[in-house]
Amino acid sequence: MDSVPRLTSVLTLLLFGLWHVGFTATNYNCDDPLASLLSPMAFSSSSDLAGTHSPAQLNRRVGTGGWSPADSNAQQWLQMDLGNRVEITAVATQGRYGSSDWVTSYSLMFSDTGRNWKQYKQEDSIWTFAGNMNADSVMHHKLLHSVRARFIRFVPLEWNPSGKIGMRVEVYGCSYKSDVADFDGRSSLLYRFNQKLMSTLKDVISLKFKSMQGDGVLFHGEGQRGDHITLELQKGRLALHLNLDDSKPRLSSSPPSATLGSLLDDQHWHSVLIERVGKQVNFTVDKHTQHFRTKGEADALDIDYELSFGGIPVPGKPGTFLKKNFHGCIENLYYNGVNIIDLAKRRKHQIYTVGNVTFSCSEPQIVPITFVNSSSSYLLLPGTPQIDGLSVSFQFRTWNKDGLLLSTELSEGSGTLLLSLEGGTVRLVIQKMTERTAEILTGSSLNDGLWHSVSITARRDRITLTLDNDAASPAQDTTRVQIYSGNSYYFGGCPDNLTDSQCLNPIKAFQGCMRLIFIDNQSKDLISVQQGSLGNFSDLHIDLCSIKDRCLPNYCEHGGGCSQSWTSFSCNCSNTGYSGATCHNSLYEQSCEVYRHQGNTAGFFYIDSDGSGPLGPLQVYCNITEDKIWTSVQHNNTELTRVRGADPEKPYTMALDYGGSMEQLEAMIDGSEHCEQEVAYHCRRSRLLNTPGKASPCSSAWSTVIRSLSIFKCKGMDLGVHIERDSASYYFEKLVHVATFPLAISAPEGFRPAPSEITFAIDVGNGPVELIVHSPSLLNDNQWHYVRAERNLKETSLQVDSLPRMTRETSEEGHFRLQLNSQLFVGGTSSRQKGFLGCIRSLHLNGQKLDLEERAKVTSGVRPGCPGHCSTYGSICHNGGKCVEKYSGYSCDCTNSPYEGPFCKKEVSAVFEAGTSVTYMFQEPYPVTKNISLSSSAIYTDAAPSKENIAFSFVTAQAPSLLLYINSSSQDSLAVLLCRNGSLQVRYQLSKEETHVFNMDAENFANRRLHHLKINREGRELTIQVDQHLRLSYNFSPEVEFRAIRSLTLGKVTEHLGLDSEVAKANIMGFVGCLSSVQYNQVAPLKAALRHATIAPVTVQGTLTESSCGSVVDADVNAVTTVDSSSDPFGKTDEREPLTNAVRSDSAVIGGVIAVVIFIIFSIIGIMTRFLYQHKQSHRTNQMKEKEYPENLDSSFRNDIDLQNTVSECKREYFI
């Protein structure tokens, strides 16, 4: 759908919504006092201090001056019967006249019948109204949403501690008229069209309903070609089936298009609104709305003949229905502006009635009760003792897996009966003393919030447990069991003062609702229990079921699964890419830059551009180089695609899948500094890109043309702001004034006022909550610190750096939505006092990045950009690399390091052949990187060094050999060599007379393995370490002095420097092998020879081949790396040649045939040669098996080190 039709649909839906609101809203001047004219009989209460019903209208001064109960406790209430259902918009209260009795807080309840009450809620919480501070002032409250009811009940929660409960009340509103139809489960209304087919592009259907049944069809319509629309209750939820495509399956086999609501079988009114424009549908149940788009090509809904309400009658079979009918009441039923119930009441010809439909709502007098507390709630009801047999039945609903349902001590010593819910299964046990005489287990997942019926019957020797009409009997033989009804039945729990024989409760008490309790076939009046004339109870809500679906709406974000108990819910965040109490925290970083800060190198990563926002993670390739970080998103079609015969009338199109949504790609691009995308065209004899009048780039030969594509504008990264003034603050004028939680703020910060603690304070309507994290170190240390504050429905938390996370459970009474009406201030308050001084960056609110830099540009005292990245990330630069500050982050300067790469971790190594020499002359300073400033050059200017810091790694099979040689202008020298027996020798020649020789002969170091050598001398102290376990220490005499350095040589020394005899012997062949990461103080001679040979004072003689002598990578990994590098998406490699070869298929075939012939000829020659010389090579087999060459050394080097013979053996002075 293009943008214009989509906009039209949205506007039409909006207009329909406004029409509906205007149509159903009652008089806006609905504020008439409703209680002032009521008779005294309209008032009732839990108890009355005067012993009779006391009128309690507002400002009443006669009589008792209002209502006060006999006892002031939490079980008291004042109730009014308003005569008819009215619309209630406000309430007001006073204390009792002339007394110290008033209520300081209260709640409201409503009912249509005086039974089955419903608590008034706001923001999904039971609302507490503020009461009075004295007996005479009036406290007025306008309801956030009006309520339609006949009965209203005031429930005092708190009152004057120096007095008692006392109230005078008023209710404001207006009359309410509606059209109601009552369906008995076997009836329906048929609305028949004037024509055979009703085809609509737009539909609006609205209604209200109430029912005690969890299943039943509310309305249905279908067409012969397959279109249908059906709304039905399924297990207490509303399912909408909508089909506009005749290829779709019928209702019986298709899943619902949308499902909304929960616990809708509570015998309370629920509103439904369905708005459709073409394929766009809004489905609203109560205050929850789901938007969806139907599939298929059609936009019209074609219904044949009629719509049915209350059921789906079978054509030609009167009284027969396709599915279970609706049983309950429907109010104000409108179909596209037509009042269906009004037509039925006036017996219009469009309406046909099936069965018995009445036009007043019959209310079943059913009293539910709620067990509130899992440790102290119980209900005691009397039985009829000594009756032969037992019969108990009731219904229950709960979210808890475990809880006691019923316990009773049977009479005549026949034992104890225990009925419990364990793991969602009902378990019945009849136990006599220590002997278990009967046990029945039945049902599963009964903690689903639905009503379930339970019945226990015992007659003579037969015991039956019936659950939802399914009967079960014990597996044991009960022919000798005789059961007599008990005297006292405890439902839900046990009092604390009873023994186990009187009431047995091995598990926690039941939390949930019960109704329709029968004992010995007699219904129990729970209102009598409430009035104290029957049984006993504790911690119960009588005459209401206060069950709540905590998973509606689902507060588990990003697709997390919600599960619940009676008091809380939990989220399963598996396979979502998020963590936390509500799956709010992303497991992935927001950019490749962050992965670089963590020390990662190039590879595939998931990035979550909006953090905890609605967008999911996207897999990208992070190419982390020394100077830039490229983020590449690959699509699903990188192969050469042939296009034939495309023209402007029929252009060629190709869809590319980047593995994510357009919103994900836009978010990633918004956070980038530079973006580019290219497409390569390979063409011949065609006019490319529709360029009339211009020379076509495609000639008779194959040509490759690369074009840059337009891409979204890159907005760049958030570099933060620097707040310079102590009282500076600024705000976002255009920020939405209502911020909704969950809240997630992530901001590295430095704090001044309280340098060792962070405080997070929040108030959502139930009092302030304050979390404080204390840091063992000061936070105003000019270092970046990470802060994350979050408040969700489960908890409030504060995280600072890696310190322990401070959390506090969220109060259930707290308002979920934070009501704010001011701007967001960052760095200070509106008074601009006690402002923050420092840097803040990467500030995210609910997953959305706030543009601090743009606002800082126009705010005094604040400037964009924050320095100091190296103070936090400098440790990422390894091996002597230096962290360099950049405007958008940092980089590692590897100038003074023998390593390279973005973190100075990539070794620089080379293979030396016989005679290869690398000589570094200590002369003028020189630049060794692209930055040629002297401050960052690798130079060594100390003429007479007081220390040597030498480090390198080597691999060789040759002994003797000379690895490193340093000489001074006064013929002092330092040599590192391998002796004939493979021992390592370090020789200090400090004068012609004084030579210090240090031997490391623990093993043969010419063993084709990688070894690491470190030599450190500072003043007189010398330390030599080989690998990790060989270490030598020595102290020179005070007069030792190593004079000014002239040159450093790796491998063979080619100058005539007067080498002593031992060094000369090792220098005959020089060094044959691999040297890696060579460093002398601040100089990296091997790196200079390989990277900067033209500008560095270094001379290379012989063959020097760059190659890695580190760990050998597995052959399979090398193969994969080769494949990946051939299609590297980041470099600018010209791929025209291989792609051009791909289209030159004829030449490729001919070349392939020639190559096969040549290969066969050479194979024959090779086989003959191998046969002739096989016996000459046999004596070398054992020697070759003993050698362990690094796999990455080339074959010429391996041959060279095998042909070398040892020439001399060095003398030994110092040994380890």
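Biologist: Are C1074 and C1109 buried or exposed?

Modeller: Both C1074 and C1109 are buried, where buried means under 20% relative accessible area, exposed over 50%, and partly exposed in between (1.4 Å probe, protein chains only). This is a predicted model, in which local features need pLDDT of at least 70, side-chain atom pairs count only at pLDDT 80 or more, and totals for chains, interfaces and linings use all residues. Residues are numbered from 1 along each chain as its sequence is written, and side-chain values use heavy atoms, with hydrogens and water left out.

Biologist: How far apart are the sulfur atoms of C1074 and C1109?

Modeller: They are 2.4 Å apart and form a disulfide, that is, a pair of cysteine sulfur atoms within 2.5 Å. The torsion about the S-S bond is about -75 degrees, so this disulfide is left-handed. C1074 is in strand β78 and C1109 in the loop between β80 and α10 (1115-1126), 35 residues apart.

Biologist: What does C1074 stand opposite?

Modeller: V955 stands opposite C1074 in β78. Strand β69 (residues 947-956) pairs with β78 (residues 1073-1080) in the antiparallel sense over 6 bridges. Strands here are DSSP runs (E, at least two residues; helices are H or I, at least four), numbered from the N terminus, and two strands pair if DSSP finds at least two bridges between them.

Biologist: Which sheet is that, in what order?

Modeller: An open sheet of 7 strands, β76-β75-β74-β69-β78-β67-β80, with antiparallel pairing. β76 (1030-1035) and β80 (1104-1106) are at the edges with a single partner strand each, so one side of each has no neighbour in the sheet.

Biologist: What about the sheet with β14 and β21 in its order?

Modeller: That open sheet has 7 strands in the order β17-β16-β15-β14-β21-β12-β24, and its pairing is antiparallel. Its edge strands are β17 (258-260) and β24 (351-354). Between β14 (residues 216-222) and β21 (residues 301-309) there are 2 bridges, and F219 has F309 as its bridge partner in β21.

Biologist: Back to the cysteines. How many disulfides does the count come to?

Modeller: The count comes to 11 disulfides. One of them joins C329 to C361, S to S 2.0 Å. Its torsion is about 95 degrees, so it is right-handed. C329 counts as buried at 1% relative accessibility, while C361 counts as partly exposed at 23%.

Biologist: And which way is the link of C551 and C562 handed?

Modeller: Left-handed, with -75 degrees about the S-S bond. The sulfur atoms of C551 and C562 are 1.9 Å apart.
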